[in-house]
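Me: I have a model open and want to learn how to read it. Can we go feature by feature?

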Amino acid sequence: LASPESMIVTMPNTINLLNGMFSLIKYGLSDCNSGFSTYPGHSGCSDNGLYLRSYGHLFYKPTTNATDYGKAAELALLLTAGRLNEVNLNT
């Protein structure tokens, strides 16, 4: 690559970004395992699903009273920007 922006796309930076993303998914927004946040001042890193050490976490709550098809359609919109065709959506 010849653009000036590509100078920051190095292998260590890419690995740090991936480590931060995995930490965000597993531990929430915290400093655990190279996370994107700072130490909140309490508890240790644990993967118990309670996110005790994080400032926040990722979650998905479907709309109320949604059918299975409605949930699948909503997830398809979020994950594929609505590009999932009807054949794959119905399976």
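Me: Where does Ser-54 lie?

Reply: Ser-54 lies in the loop between α1 and α2. Keep in mind that this is a predicted model.

Me: Is Ser-54 buried or exposed?

Reply: Compare the relative accessible area with the cut-off: buried means under 20%. Ser-54 has 16% relative accessibility, so Ser-54 counts as buried.

Me: Which backbone oxygens does the side chain of Ser-54 reach?

Reply: Look for N or O pairs within 3.5 Å. The side chain of Ser-54 reaches the backbone oxygen of Tyr-51 at 3.1 Å. It also reaches the backbone oxygen of Gly-56, at 3.3 Å.

Me: Which residues does Ser-54 touch, leaving out those up to four places away in sequence?

Reply: Ser-54 touches Tyr-27, Gly-28, Leu-29 and Ser-30.

Me: What is the phi of Asn-33?

Reply: Asn-33 is not a glycine, yet its phi is positive, about 50°. Asn-33 lies in the loop between α1 and α2. Look also at Ala-81, which follows α2 and has a positive phi near 55°.

Me: How many residues does α2 have, and how far does it reach?

Reply: Compare the span with the expected one, at 1.5 Å a residue. α2 has 13 residues and reaches 17 Å from first C-alpha to last, close to the expected 18 Å.

Me: Which residues form the nonpolar patch on the surface?

Reply: First, a rule for helices. Residues three or four places apart in an α-helix point the same way, because there are 3.6 residues a turn. Here the patch is formed by Met-11, Ile-15, Leu-18, Phe-22, Ile-25 and Leu-58. Together they have about 640 Å² of accessible area. Phe-22 lies in helix α1. At 58% relative accessibility, Phe-22 counts as exposed, because the cut-off for exposed is over 50%.

Me: Last one. Where is Pro-40, and what does it touch?

Reply: Pro-40 sits in the loop between α1 (11-27) and α2 (68-80). Leaving out residues up to four places away in sequence, Pro-40 touches Asp-31, Arg-53 and Tyr-55. Its relative accessibility is 21%, so Pro-40 counts as partly exposed. From Pro-40 to Val-87 is 47 residues in sequence and 47 Å in space, C-alpha to C-alpha.

Terms used. Residues numbered from 1 in each chain as written. Predicted model: local features only at pLDDT ≥ 70, side-chain atom pairs only at ≥ 80, totals over all residues. Heavy atoms only, no water. Helix = DSSP H or I, 4+ residues; strand = E, 2+ residues; numbered from the N terminus. Buried < 20%, exposed > 50% of the residue type's maximum accessible area, 1.4 Å probe, protein only. Contact = heavy atoms within 4.5 Å. Expected span 1.5 Å × (residues − 1). Patch = residues over 30% accessible without salt bridge, like charges linked within 9 Å, V, L, I, M, F, W, Y side chains within 5 Å. Areas by Shrake-Rupley, 256 points an atom, 1.4 Å probe, with all protein chains shown as cover. Salt bridge = Lys/Arg side-chain N within 4 Å of Asp/Glu carboxyl O. Polar contact = N/O pair within 3.5 Å; in protein donor to acceptor, adjacent residues only side chain to side chain.
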